Amino acid sequence: MANIGRFSIGTGDRFGREGAAQIAAIKAIADKGVTVDIVWNKSNREHLTIGTGPADQRGAADGAIKATGWKGSYFVDADHISLKTVDRFIEPCDFFTIDVADFIDKAAAPEAVAAFTSRRGKLVGEHRVPGLSEPLAISDTLLAATASRYLAAVSEAGAVYRRIREKKAGKPFVVEVSMDETADPQSPAELLVILAALADEGVPVDTIAPKFSGRFNKGVDYVGNVQEFLSEFRADVCAASFAAKSFGLPPGLKLSVHSGSDKFSLYEGIGSIVRELGAGLHLKTAGTTWLEELVGLAEAGGTGLKIAKEVYRSAYGRYEELVAPYAEVVDIDRKALPTPDAVDLWTGLQFASSLRHVQAESRYNRSFRQLLHVGYKVAAEMGARYLDALAADRAHVERNVTENLLERHLKPLFLGGR
Ligand SMILES: [Zn+2]
């Protein structure tokens, strides 16, 4: 089923205007010898907030490909869909992020757990996994506990997968299973068991998004112990490759890192691990492209800057409403937020450098950035005024979109340390 390349990046484009600027970054990294497939991801929640549908995203993607003449492969992701939301995504999408986090810890039928543990009894023991110095140990207890925690989620993944397959009627699509939006991280041993269960369920998973240790807040850097993350990530990569071979899953099976934009302290380490192990990677960004639109508008000055300030004023006033849906994945210090009156006095440069994610920049304000990130609803409500400003200040906007993706993401990840 897999027709996705070894490396791919999920790029959001909330307003569907930045495809060409994103492709410019993909092309620039290709010129450096690294092929990265581009995947436009947009969740049902984002579509509902903005008032678009999956067909609009397909149109924007195809349009950008046509306009740029880009020959690389690209996908449109039905991001974090479930059985309830998948249907309208099936036709326009060819990448499906099947989110089963809500089914983790839903009690699986005791017979199903018993059948799984007996079928997969050979998983108990110590596995010598290529790439890992220590064997991966799975006890009876871990096997049974993982089965009862995850089998309901795995069976839901199967139901969603079969629904898509039936409707796709032979057309290829990429299968991602995501378990990241949950409280507890999965260990590499649990990941191995989950992959065995997905294989048994007949889900040809191309990429899997586990929940990693540490915090992956939207639009800001990783919070946690980087060395611990990297050893966990390495073990997960090895477990996934081992699982692909042992359980007959697609040979290109790779890990997906969600909320993966802006995790600057991890990129070099992640990049060197996947290169060393010959593994693949899907890095899904948090849809921060729209923040680069705001940076560009602010830099442009005039109406663009006025609109950027208006978005902030409104987001500041609607804090609870805008933050609530993202409460688990943002960490805003309200005391660090400037008042809208203060922001109104800023120059475009001040606004841009407070928002742009350059940690060495003294004006950079991560709370300001996170509040604006969840405030895309405000820009959506502006409708044509916002979109017209993007058109008027196109050069400023595109320069920032491309630079962010290329210089702060693709290069450190795929060329870092070289
Ligand atoms: Zn996710």
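A residue is called buried if 20 or more other C-beta atoms lie within 10 Å of its own, exposed if 12 or fewer do, and partly exposed in between, with C-beta atoms placed from the backbone. The model shown is predicted, and local features need pLDDT of at least 70, side-chain atom pairs count only at pLDDT 80 or more, while totals for chains, interfaces and linings use all residues. Residues are numbered from 1 along each chain as its sequence is written.

**View 1. Alanine 169, in the loop between α6 (140-168) and β7 (174-178)**. Alanine 169 is not a glycine, yet its phi is positive, at about 45 degrees. Alanine 169 counts as exposed because it has 6 C-beta neighbours inside 10 Å. Helices (H or I, at least four residues) and strands (E, at least two) are DSSP runs, numbered from the N terminus.

**View 2. Histidine 80, in strand β3 (residues 74-81)**. Histidine 80, a residue other than glycine, likewise has a positive phi, near 55 degrees. With 24 other C-beta atoms within 10 Å, histidine 80 is buried.

**View 3. The chain as the setting of both close-ups.** The secondary structure comes to 18 helices and 10 strands, and 50% of the 418 residues count as buried. The C-alpha trace spans about 70 × 45 × 45 Å along its principal axes. Among contacts between residues at least 6 apart in sequence, 79% join residues at least 24 apart, where contact requires C-beta atoms, placed from the backbone, to lie within 7 Å.

Technical notes
Two residues are in contact if their C-beta atoms, placed from the backbone, lie within 7 Å.
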